[in-house]
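Subject: The structure we talked about

Hi there,

Here is the structure I promised to pass on to you. Have a look at it first, and then read my notes below with the model open beside them.

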Amino acid sequence: MTKPRVIVTRRWPAAVERELNGRFDAVLNPSDTPMSDEVLAEAFKRADAVCPTVSDSLSANVFQAADPRVRVIANFGAGISHIDLEMARERRIIVTNTPDVLTDCTADLAIMLMLMVARRAGEGERELRAGAWRGWRPTHMMGTRVSGKTLGLVGFGRIGRAVALRAHSGFGMRVIYHTPHPPPPEVSEALGACSVDSLEDLIVAADFISLHCPGGGVTRHLFNEERIALVRRHAFLINTARGEVVDHGALIAALKAGSIAGAALDVYEGEPEVPAGLKSMDKVVLLPHLGSASRETRIAMGMRVVENLEAFFAGREPPDRVN
């Protein structure tokens, strides 16, 4: 029996690639070279399944290829704003993602970013590595305390709730959140969190603002010039969600003006490009999209893709179908 042909757009952990090779006619990408629209469109013609990542833009141009053969897009990652879901629906192509398995890893990183930017960890390491540290002194590189402060979560899904648990239980933080779909009251109570009526109410009350909302559509530049202007002068912005949620130009202007204390970012609009204005400022912590980057998590994400593919080609409903 002929195995389904599966095209994988980037390098995946070796353990996952072995699984893909064993179960499917897998076409891997050993060079890890990003695929252009033209190459992706050709993959749609040659494969039964395409397995993209957040670094691949599956726009209308890709879907408009003549006579696509692809029947399922099994995404490596939870976010799907890089996939044109309307075009997938029109083409009757099923889309899946990998929720749950990256929740803890991304929540850990959000807390790490909060600590780094508050305690000036990036600045401190750069100073030490540059040989500029002159020894301990009482006024040297004083940062901001995290324990007991107010954390505002924009979005309260799996990752937002995991951050709330860590912040409240580990650091005694007051946690507030805003989401279009609030959970039952007992969920909030168990996490020591409370809902606020509007995003603006959250912004003006928080010492730290952490973004955990999906990208694309209505959330593009959710944090625009007007909302960033509401951030308290001593407050920090943390983004582990999607780069397009923040207007980078407005953020840079606020940081330069000193109207916001700092920012810690793991994601960027137009990745892998990062604005020079962000890279030049000490009060900004920048990571190269490492939210799910642990061996355990990346392997689990890949295995979740395998499960979705196995279910689809066996005629079952994929467990993580999103359209």
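This is a predicted model: local features need pLDDT of at least 70, side-chain atom pairs count only at pLDDT 80 or more; totals for chains, interfaces and linings use all residues.

You will find Asp 32 in the loop between strand E2 (25-27) and helix H2 (37-46). Its backbone is worth a look too: Asp 32 has a positive phi of about 60°, although it is not a glycine. Met 141 is also a non-glycine residue with a positive phi, of about 45°. Met 141 sits in the loop between helix H6 (121-129) and strand E6.

One more backbone detail is at Pro 272. The peptide bond that runs from Glu 271 to Pro 272 is cis, with omega near 10°. Pro 272 belongs to the loop between E11 and helix H12 (276-279).

Now for the aromatic rings. A pair of rings is described by how far apart the centres are and by the angle of the planes. The count for this model comes to six aromatic pairs. One of them is formed by Phe 156 and Tyr 177, which are stacked, with 3.8 Å from centre to centre and 0° between the planes. This pair links distant parts of the chain: Phe 156 is in the loop between strand E6 (150-154) and helix H7 (158-171), while Tyr 177 is in strand E7 (residues 174-178), 21 residues apart. Phe 156 is buried, with a relative accessible area of 2%, and Tyr 177 counts as buried at 2% relative accessibility.

Phe 208 and Phe 236 also form a stacked pair, at 5.3 Å centre to centre and with 15° between the planes. They join distant parts of the chain as well, with Phe 208 in strand E9 (residues 208-211) and Phe 236 in strand E10 (residues 236-239), 28 residues apart. Phe 208 counts as buried at 1% relative accessibility, and Phe 236 counts as buried at 6%. Elsewhere, ring pairs link Phe 24, Phe 312 and Phe 313 into a cluster.

Next, the inside of the protein. In soluble globular proteins, nonpolar side chains tend to be buried together. The largest nonpolar core in this model has 32 residues, and those with the most contacts inside it are Val 154, Ile 209, Leu 211, Phe 223 and Leu 251. Helix H9 (199-205), E9, helix H11 (248-257) and strand E11 (262-265) are the elements that give two or more residues to this core. The largest share, five residues, comes from H11.

Beyond its neighbours within four places in sequence, Val 154 is in contact with residues including His 178, Leu 199, Leu 202, Ile 209 and Phe 223. There is also a second, separate core of 28 residues, and Met 116, Ala 118, Ala 193 and Phe 208 are among them.

Leaving out residues up to four places away in sequence, Leu 202 touches Gly 152, Leu 153, Val 154, Ile 176, Tyr 177, His 178, Val 196 and Ile 209.

Ala 241 lies in the loop between E10 and H11, and at 7% relative accessibility Ala 241 counts as buried. With residues up to four places away set aside, Ala 241 touches Leu 211, His 212, Cys 213 and Val 267.

Last, a pair of helices. How do helix H5 (residues 103-118) and H7 pack, and at what angle? They pack at an angle of about 50°, with their axes 8 Å apart. That makes H5 oblique to H7. H5 passes H7 in a right-handed crossing. Among the residues that meet there are Thr 103, Ala 107, Ile 111 and Leu 115 in H5, and Ile 159, Ala 162, Val 163 and Phe 171 in H7.

Enjoy exploring, and write back with any questions!

Best wishes

How values were computed
Residues are numbered from 1 along each chain as its sequence is written. Side-chain values use heavy atoms; hydrogens and water are left out. Rings of Phe, Tyr and Trp (its six-membered ring) pair if their centres lie within 6.5 Å; planes under 30 degrees apart count as stacked, over 60 as edge-to-face and the rest as tilted. Helices (H or I, at least four residues) and strands (E, at least two) are DSSP runs, numbered from the N terminus. Buried means under 20% relative accessible area, exposed over 50%, partly exposed in between (1.4 Å probe, protein chains only). A nonpolar core is a set of buried Ala, Val, Leu, Ile, Met, Phe, Trp, Tyr and Cys residues joined through side-chain atoms within 4.5 Å. Contact means heavy atoms within 4.5 Å. Axes are lines fitted to C-alpha atoms, for helices over the stretch in contact, and angles run from 0 to 180 degrees between N-to-C directions. Angles under 35 degrees count as roughly parallel, over 145 as roughly antiparallel, 65 to 115 as roughly perpendicular and the rest as oblique. A crossing is left-handed if the near helix is turned anticlockwise from the far one by less than a right angle, and right-handed if clockwise.
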